[in-house]
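Here are my notes for your review. Please read them with the structure open.

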Amino acid sequence: MLQLTKKEIAEVKRLCAVSEQKTELTAALLNIIYKKKWFKLFIPKQQGGLALSLPNALKLEEQLAYIDGSLGWTVTLCSGANFFAGFMDQKKTGKLFHAKNICMGGSGAATGIATQTKDGYTVTGRWKYATGAPHLTHFTANCVIEKEGKTVLQEDGSPLIRSFYFKRSEVKVHNEWKAMGLKATASHSYSVNKLHVKTERSFLIDAAHATLKHPVYTYPFMPFAETTLAVNTLGMTHHLLDEAMIVIKQKKLNSLQVQLADEALQTARKEISTMRNAFYNIVEQSWNELITQKSISPKTIKQISKLCRQLVKLCRSHAAVVYPYCGLSATAQTSELNRVFRDIFTASQHALLTYGK
């Protein structure tokens with residue numbers, strides 16, 4: 001899926017290490033991403049995208065996360081935000097997603113207020129964790145809708161929430177991303193204050209409101225989000241196990257220590273591989289259901305959600321078990337193993353991966 005030579009992979013890894021130090025993706029690394037169209041995994045080919053199926057996109061995201069956590073996470077979150085193109089007014093967006101460097105990003109939390117006006121909305125709010133903030137061309141955000149000072153309610157009595165997108169020039173970025181890992185994602189906060197936007201800048205992320213015909217836009221958003229995030233932890237954990245094996249082999253250990261470390265690594269690989277297979281099987285099943293039946297059964301959706309959390313939990317657990325066998329050298333922040341460890345335990349903090357059954 002990567003379509004990269006060994007030499008290109010080595011160069012990407014080098015640029016990722018530089019990005020870690022700069023705490024944002026470098027221009028050189030972004031140029032590779034634009035060239036490979038990794039921010040356009042789900043954009044139609046007519047608009048310069050790759051138009052991948054979800055299973056294929058997940059495998060690509062897993063491979064990128066293996067190379068580097070910040071790279072995989074940024075591509076996942078930004079291609080996931082560009083995915084919203086499928087729910088926007090196609091006549092109004094025009095050539096927006098044809099641009100080579102188009103990159104949306106933002107937050108799923110509804111921490112903004114959008115007041116209805118005659119021709120649109122007036123939006124005020126502040127949102128956290130806009131992955132890729134330094135290079136985003138547009139910011140997306142969820143808002144609670146108000147009209148004449150009152151919250152607009154849906155039929156079930158819950159607040160109406162709509163999604164919006166803003167131009168970079170309309171947004172104030174707050175450099176607050178100080179996490180221990182995924183440093184190069186530069187997932188800063190952002191805000192707007194009494195910003196007026198026209199109606200076409202608002203959209204609903206729902207299959208019933210899809211405006212493009214690719215099947216991915218009718219895939220339910222929650223399992224879409226859960227699976228794309230889960231494969232990042234999976235890719236990073238495989239990277240950690242490979243790095244740990246190298247470090248452990250270089251250490252002067254006695255026979256018992258070698259046995260314990262080897263058993264920990266083998267158990268991790270076996271158990272993660274088994275669950276990885278189960279994960280991709282249920283994803284393939286869901287995609288086939290969507291193609292053949294035009295919908296995914298509630299049972300399948302529930303299984304996906306459960307497997308995503310189990311997979312991430314298993315990866316975290318094995319990472320925590322294997323890491324101590326690598327000794328004090330693995331605690332140096334300059335070591336690749338330490339970076340992978342920090343990335344895993346930053347990515348797996350995402351609410352979608354920690355809550356629920």
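Where is the place of Ala186? The model is predicted.

1. Ala186 sits in the loop between β7 (172-174) and β8 (188-198). Its phi is near 45 degrees, a positive value in a residue other than glycine. Most residues other than glycine have a negative phi. Ala186 counts as buried because its relative accessibility is 1%, and the cut-off for buried is under 20%.

2. Lys37 also deserves a look. Its phi is near 65 degrees, again positive in a residue other than glycine. Lys37 belongs to the loop between α2 and α3. At 34% relative accessibility, Lys37 counts as partly exposed.

3. Next, Thr26. This residue is placed in the loop between α1 (6-22) and α2 (27-36). Its relative accessibility is 10%, so Thr26 counts as buried. A polar atom of the Thr26 side chain lies 3.2 Å from the backbone nitrogen of Leu29. Leaving aside residues up to four places away in sequence, Thr26 touches Leu15, Val18 and Ser19.

4. Now a helix pair. Helix α3 (residues 54-67) packs with helix α7 (residues 255-293) at an angle of about 150 degrees. Their axes are 9 Å apart. That angle makes α3 roughly antiparallel to α7, because angles over 145 degrees count as such. On the α3 side, the contact is made by Leu54, Pro55, Leu58, Lys59 and Glu62. On the α7 side, Arg276, Phe279, Tyr280, Val283, Glu284 and Trp287 take part. By class, the residues of this contact divide into seven nonpolar, four charged and no polar.

5. Which strands does β6 join through bridges? Strand β4 (residues 138-147) is one of them: seven bridges link β4 to β6, and the two run antiparallel. Within this pairing, His138 has Lys167 of β6 as its bridge partner. Strand β9 (residues 202-203) is another, with two bridges to β6, also antiparallel. There, Phe164 stands opposite Ser202 of β9.

6. A last point on β6: how many of its seven residues are buried? The answer is five, and strand β6 (residues 161-167) is mostly covered.

Conventions:
Residues are numbered from 1 along each chain as its sequence is written. This is a predicted model: local features need pLDDT of at least 70, side-chain atom pairs count only at pLDDT 80 or more; totals for chains, interfaces and linings use all residues. Side-chain values use heavy atoms; hydrogens and water are left out. Axes are lines fitted to C-alpha atoms, for helices over the stretch in contact, and angles run from 0 to 180 degrees between N-to-C directions. Helices (H or I, at least four residues) and strands (E, at least two) are DSSP runs, numbered from the N terminus. Angles under 35 degrees count as roughly parallel, over 145 as roughly antiparallel, 65 to 115 as roughly perpendicular and the rest as oblique. Contact means heavy atoms within 4.5 Å. Ala, Val, Leu, Ile, Met, Phe, Trp, Tyr, Cys and Pro count as nonpolar, Asp, Glu, Lys and Arg as charged, and the others, Gly among them, as polar. Buried means under 20% relative accessible area, exposed over 50%, partly exposed in between (1.4 Å probe, protein chains only). A polar contact is a pair of N or O atoms within 3.5 Å; within protein, one must be able to donate a hydrogen and the other to accept it, and residues adjacent in sequence count only if both atoms are side-chain atoms. Two strands pair if DSSP finds at least two bridges between them.
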